[in-house]
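Reader: Hi! Could you walk me through this one?
Author: Happy to, here it comes.

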Amino acid sequence: MNKTVICPGSFDPVTLGHLDVIKRAARMFEHVIVAVLVNSAKSPSFSTEERMDFLKEVTQGIENVEIVSFDGLLAEYCRRRKVDAIVKGLRAVSDFEYEFQMAITNKKLNPQLETIFLTAEADSMYLSSSMVREVASMGGDISNFVPPCIHDRIVEKINKKNG
Ligand code: PNS
């Protein structure tokens, strides 16, 4: 097996839960591509550039992590980059059906492609980017949810968006 894996997602914005999965993947594999992708079911609050900047900042110092973005099919990108495993975090039963559907679809599109699930840490079980955005937009404290180095920029952007 190729020792390069990909961690795909919307990362809108990256949370401590995402970062935990990225760090664990970086310990297990030689090279980790973190890919900011289009989820056609969502319209992002942060631009692709902002989401990539946040990811670059929070993964600074992790030598084997690369941040990319593209707007095509994940399965095709993996074929192009010769990546044969996707690594995703699994939080709760509620994630399972959606993640299972994506894993099977990706494998149908690219039979070389396996999906590996890492169970979320207990502290991250409840965490999601949409919760972070909702709490921040209502003036709540998100410091337990996002890495400290990007906290202020997330709050600033969400406050600006809300006028
Ligand atoms: O963080 P998300 O929004 O749950 O991640 C979903 C994502 C972005 C990984 C998924 O929508 C995706 O892979 N998008 C790229 C386009 C694609 O390949 N779609 C088919 C996936 S089965």
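Author: A word on terms before we start: helices (H or I, at least four residues) and strands (E, at least two) are DSSP runs, numbered from the N terminus. And keep in mind that this is a predicted model.

Reader: Thanks! Which elements each supply at least two residues of the shell around the ligand?
Author: Among them are β1 (4–9) and α4. Helix α4 gives the most, with four residues.

Reader: And which residues come nearest to the ligand?
Author: Of the 15 residues around the ligand, those are Ser 10, Val 38, Asn 39, Lys 42 and Leu 74.

Reader: How much of the ligand does the protein bury?
Author: The protein buries 83% of the 540 Å² that the ligand exposes when taken alone.

Reader: Back to α4: which of its residues are buried?
Author: Asp 95, Glu 99, Ala 103 and Asn 106. Their cover includes α3 (74–81), β4 (85–90) and β5 (114–119).

Reader: Switching to α5, where do its buried residues point?
Author: In α5 (residues 129–137), Ser 129, Val 132 and Ala 136 are buried. Seen down the axis, they fall within an arc of 55 degrees, so they line one face of the helix. What covers them includes α1 (16–28) and α6 (148–161).

Reader: Nice. What happens just after α5?
Author: Gly 139 takes a positive phi there, about 80 degrees.

Technical notes. Residues numbered from 1 in each chain as written. Predicted model: local features only at pLDDT ≥ 70, side-chain atom pairs only at ≥ 80, totals over all residues. Heavy atoms only, no water. Buried < 20%, exposed > 50% of the residue type's maximum accessible area, 1.4 Å probe, protein only. Contact = heavy atoms within 4.5 Å. Arc of directions from axis to C-beta. Near = heavy atom within 4 Å. Areas by Shrake-Rupley, 256 points an atom, 1.4 Å probe, with all protein chains shown as cover.
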